[in-house]
Amino acid sequence: MPTLTAPKNPAVPRRGRPAAELIFGDFWEYDPAPETADPKLKPRYELFINGEFVPARAGKYFDSINPANEQKLTELALGGAADVDAAFAAATRAFEGWGRLPGRERGKFLFRIARLLQDRAREFAVAETMDNGKPIRETRDFDVPMAAAHFFYHGGWADKLEYVAPGRRLAPLGVVGQVIPWNFPLLMLSWKIAPALAAGNCVVIKPATNTPVTAVKLAEIFQDAGLPPGVVNVLTGPGSTGGLIMAHPAAAKIAFTGSTEVGKVIMRSVAGTDRRMTMELGGKAANIVFDDAPLDQAVEGIVNGIFFNQGQVCCAGSRLLVQETVADLVVAKLKQRLRVLRVGDPLDKNTDVGAIVSRAQLDTIRHYLDVGQKEGATMWQPPCRLPAKGFFLPPTIFTGVTQSHCIAREEIFGPVLSILTFRTLEEAVEKANNTAYGLSAGVWTDKGSRILKMSTELKAGVVWANTFNKFDPTSPFGGYKESGFGREGGRQGLLDYARLV
Ligand code: TAP
């Protein structure tokens with residue numbers, strides 16, 4: 001039996017005598033609870049072009065690394081210019097048939113893909129966790145089910161497209177070039193592929209170099225679902241391959257999710273062409289807590305907002321704005337909560353915070369930790385034991401942050417929260433909107449009228465009220481300002497993959 005010792009941590013301020021805190025890690029440890037399903041990884045994956053797995057023309061491969069232990073997971077073909085041309089040629093041929101297929105037939109393929117993904121859900125969850133470093137709890141309960149939900153949802157639309165824009169018909173655009181990032185690899189694939197196929201388009205898509213595994217595994221599902229050859233082509237490879245896809249003359253539309261920096265490069269490369277574009281870019285969301293908010297729930301929302309997926313989330317609540325009257329209390333409660341977050345092996349079912357996706361991303365985040373301290377903000381991390389190998393970082397908060405600090409303005413894309421305060425609603429709006437981005441925001445308050453006022457005033461594509469990071473295929477998602485344009489999900493997302501006739 002473990003012996004109880006005096007609590008080591010400062011108690012949350014209260015009236016009267018401070019209550020003793022129960023900090024789990026001080027008294028006892030969880031037993032390991034590793035997920036053991038087989039991710040069924042092959043030693044090598046080829047490109048998926050015209051319904052077949054084929055080697056890259058140049059015969060080159062690159063490694064995918066497990067960020068939790070720095071070991072090689074598998075190797076993947078490195079697609080180049082000739083492969084991009086072959087993929088677009090296959091997609092253009094496939095469009096002749098797919099674009100004319102009745103919607104109810106296209107829908108059947110989407111439903112089949114969704115069901116096959118559900119059948120292999122555990123295998124995909126483990127593969128995603130090993131490739132990306134995110135906790136198995138998240139891949140199992142969020143990434144994979146949500147990816148299947150996107151295929152189901154869009155399967156349902158495929159034979160009902162006349163209701164997307166009542167009184168008008170929707171026609172597909174043709175071949176769509178798509179490039180996605182590493183933070184939600186499977187989910188971003190489904191956000192991109194499902195609406196494109198439902199509307200009758202064919203696809204050439206590139207996953208990120210850091211996380212290509214679930215893309216090639218999803219291609220196996222396309223084969224098993226009997227998807228006609230060429231309807232979806234998956235090209236693994238570096239950023240330059242993404243550039244070739246975005247600039248390819250056969251692309252009727254391009255859809256990019258990634259950093260604002262690369263989004264700008266792509267937009268410059270296609271300036272002057274008439275292709276349609278969707279850009280889902282970076283963010284620096286304000287999560288705003290008023291003094292009448294249910295504070296314990298708000299603290300859960302703050303934790304979910306910035307430590308979900310190690311903070312590597314475009315819409316992460318990376319700027320916390322707290323009303324001055326409750327700021328000390330919220331920070332104290334937050335610190336208490338962070339002490340019990342479990343950082344470590346992403347395959348352990350009890351892990352809350354897994355590995356950062358790559359050494360390069362870890363270095364970027366650490367750079368921001370230095371910058372924040374040099375700028376004069378106060379950094380705090382809970383005591384935690386990090387694994388000896390792998391790319392891990394404790395959850396981190398900065399207090400004493402001002403609007404001009406880099407850590408309040410730039411997207412860090414890691415488990416780092418910058419905390420600012422405000423006195424009035426007007427000041428909260430002004431500070432929240434004082435950013436180049438406009439992807440998401442959160443509001444915590446007891447008053448419905450204040451929620452309505454804030455959601456009108458905040459310049460963000462999504463405003464969550466008394467919750468954070470809630471997603472649904474029916475709900476359009478996208479940004480303002482440097483967070484991009486176009487929407488994914490819902491009726492609006494379908495309109496971005498079609499012409500109105
Ligand atoms: P990026 O570095 O921009 O990479 C995104 C994708 O673009 C990767 O597949 C990358 O390939 C590729 N790429 C790199 N250079 C390219 C070029 N010149 N032309 C075409 N493609 C190129 O972003 P990331 O680091 O993977 O992801 C993090 C960023 O994505 C964050 O800023 C985050 O906010 C944003 N994000 C936004 C959203 C939405 S919905 N707004 C969702 C998720 C993520 P390589 O991997 O091979 O470099």
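Entry 1, classes around the ligand. I counted Ala, Val, Leu, Ile, Met, Phe, Trp, Tyr, Cys and Pro as nonpolar, Asp, Glu, Lys and Arg as charged, and the others, Gly among them, as polar. On that basis I sorted the shell around the ligand in this predicted model, and found 15 nonpolar, ten polar and three charged residues.

I then looked up which of the 28 residues around the ligand come nearest, and noted Ile 180, Thr 209, Ser 259, Leu 281 and Glu 411.

For Glu 411, I found an N or O atom of the side chain 2.6 Å from an oxygen atom of the ligand. I also noted Lys 206, which has a polar side-chain atom 3.0 Å from a ligand oxygen atom, and Gly 243, where a backbone N or O atom lies 3.3 Å from a nitrogen atom of the ligand. Turning to cover, I read that the ligand on its own has 910 Å² of accessible area, of which the protein covers 86%.

I place the ligand between domain 1 (44-281 + 480-500) and domain 2 (286-465), because both domains give residues to the shell around it.

Against that, I noted Lys 40, not a glycine, with a positive phi of about 50 degrees, and I located Lys 40 in the loop between helix H1 (24-27) and strand E1 (44-45). I also noted Phe 413, whose phi is positive and near 60 degrees, and which lies in the loop between helix H13 (406-409) and strand E16 (416-422).

How values were computed: Residues numbered from 1 in each chain as written. Predicted model: local features only at pLDDT ≥ 70, side-chain atom pairs only at ≥ 80, totals over all residues. Heavy atoms only, no water. Near = heavy atom within 4 Å. Polar contact = N/O pair within 3.5 Å; in protein donor to acceptor, adjacent residues only side chain to side chain. Areas by Shrake-Rupley, 256 points an atom, 1.4 Å probe, with all protein chains shown as cover. Domains from an automatic or database assignment. Helix = DSSP H or I, 4+ residues; strand = E, 2+ residues; numbered from the N terminus.
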